[in-house]
Amino acid sequence: GYMKVIDMSPFVDPVSGKKYMYFCHDLATELGIAKSGIYVVALNDDYTPDYSKVYALTEADSALGEGKVNEAPYVVYNAQSGKYYLLYSANAFYQKSYCVRVAVADEPVGPFRKLTQEEGGWLLYADSHWSWASGTGHCSVVNRDGQDFIVYHAHLDRVNGNSKRGIAMDELNWVENSDGLLVPVANGPSAALMPLTTYL
């Protein structure tokens, strides 16, 4: 009757007003399957899940260069396209290749289709030879004065990865891909000083 979950992310559908909770189910800990996947459960109110409405959304796909991890779900609704965008992280958090990918659906419970790199599905990532970015994953989106920003974490050791992580932020814009689908595009990952937000 229990399963291990991480990365809970609430969502209120601006179209219907219904509430959902997205999460990662770590299958490796329970079933001996070395993969993780993303699920969603409908909520009866702010706190009570409706366990009759649990939906599997993604599973890690090594053929797509995702390793064995799909985690850190965050859903954004775009009123212009009328679509729901699932931003999720692939590969392990300690790897330089930890990244943010995009899947799209017509409903909050899916089915979600993972976008290819050519379609704009690789939102944030770091190539292994880059010296300025590593482990750019696990994001959320905030809006300030009409401009979206993507907030995520990245390794402090940008050359080698597998290190402590810090907060990063870049502008997030929406553009049409070659198929006419509106997709999110991050102005990053960038490497620059940010305003001091806390005092040590």
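# Close-up views of a predicted model

**View 1. An open sheet of four strands.** Here the strands run in the order β10-β11-β12-β13, forming an open sheet with antiparallel pairing. This is a predicted model, in which local features need pLDDT of at least 70 and side-chain atom pairs count only at pLDDT 80 or more, while totals for chains, interfaces and linings use all residues. Residues are numbered from 1 along each chain as its sequence is written, and side-chain values use heavy atoms, with hydrogens and water left out. Strands are DSSP runs of E with at least two residues, numbered from the N terminus, and two of them pair if DSSP finds at least two bridges between them. The edges of this sheet are β10 and β13, each pairing on one side only. From one strand to the next the twist averages 35 degrees, taken between axes that are lines fitted to C-alpha atoms, with angles running from 0 to 180 degrees between N-to-C directions. Look for the antiparallel pairing of β12 with β13, which spans five bridges; there V175 stands opposite V183 in β13.

**View 2. The largest nonpolar core, and a second one.** A nonpolar core is a set of buried Ala, Val, Leu, Ile, Met, Phe, Trp, Tyr and Cys residues joined through side-chain atoms within 4.5 Å. Buried means under 20% relative accessible area, exposed means over 50%, and partly exposed lies in between (1.4 Å probe, protein chains only). The largest core has 20 residues, and Y85, L87, L123, I150 and Y152 have the most contacts inside it. Two or more residues come from each of β6, β7 (99–105), β9 (122–124), β10 (137–144), β11 (147–155), β12 (165–176) and β13 (182–186). A second, separate core holds 16 residues, including Y20, V40, A42 and Y84.

**View 3. Surroundings of S89.** S89 belongs to strand β6 (residues 83–90) and is buried, at a relative accessible area of 1%. A polar atom of its side chain lies 3.3 Å from the backbone oxygen of C99.

**View 4. Salt bridges.** A salt bridge is a side-chain nitrogen of Lys or Arg within 4 Å of a carboxyl oxygen of Asp or Glu, and by this rule the count comes to six. K19 and D46 meet at 2.3 Å, N to O. K19 lies in strand β2 (residues 19–26) and D46 in the loop between β3 (36–43) and β4 (49–59), so this pair ties together parts that are 27 residues apart in sequence. K19 is partly exposed, at 28% relative accessible area, and D46 is partly exposed too, at 45%. Next come E66 and K114, whose side chains form a salt bridge at 2.7 Å, N to O. E66 sits in the loop between β4 and β5 (70–78) and K114 in strand β8 (residues 113–114), 48 residues apart; E66 and K114 are both buried. E119 bridges to R113, with the closest N and O atoms 3.1 Å apart. E119 is buried at 14% relative accessibility, whereas R113 is partly exposed at 43%. Shared partners join E66, R101 and K114 into one network of salt bridges.

**View 5. Backbone details to check.** The peptide bond from G110 to P111 is cis, with omega near 5 degrees, and P111 lies in the loop between β7 and β8. A cis bond also runs from G188 to P189, with omega near 15 degrees; P189 is in the segment after β13. Phi is positive at H138, near 50 degrees, in strand β10. N162, in the loop between β11 and β12, has a positive phi near 45 degrees and is exposed, with a relative accessible area of 57%.

Note on methods
Polar contact = N/O pair within 3.5 Å; in protein donor to acceptor, adjacent residues only side chain to side chain.
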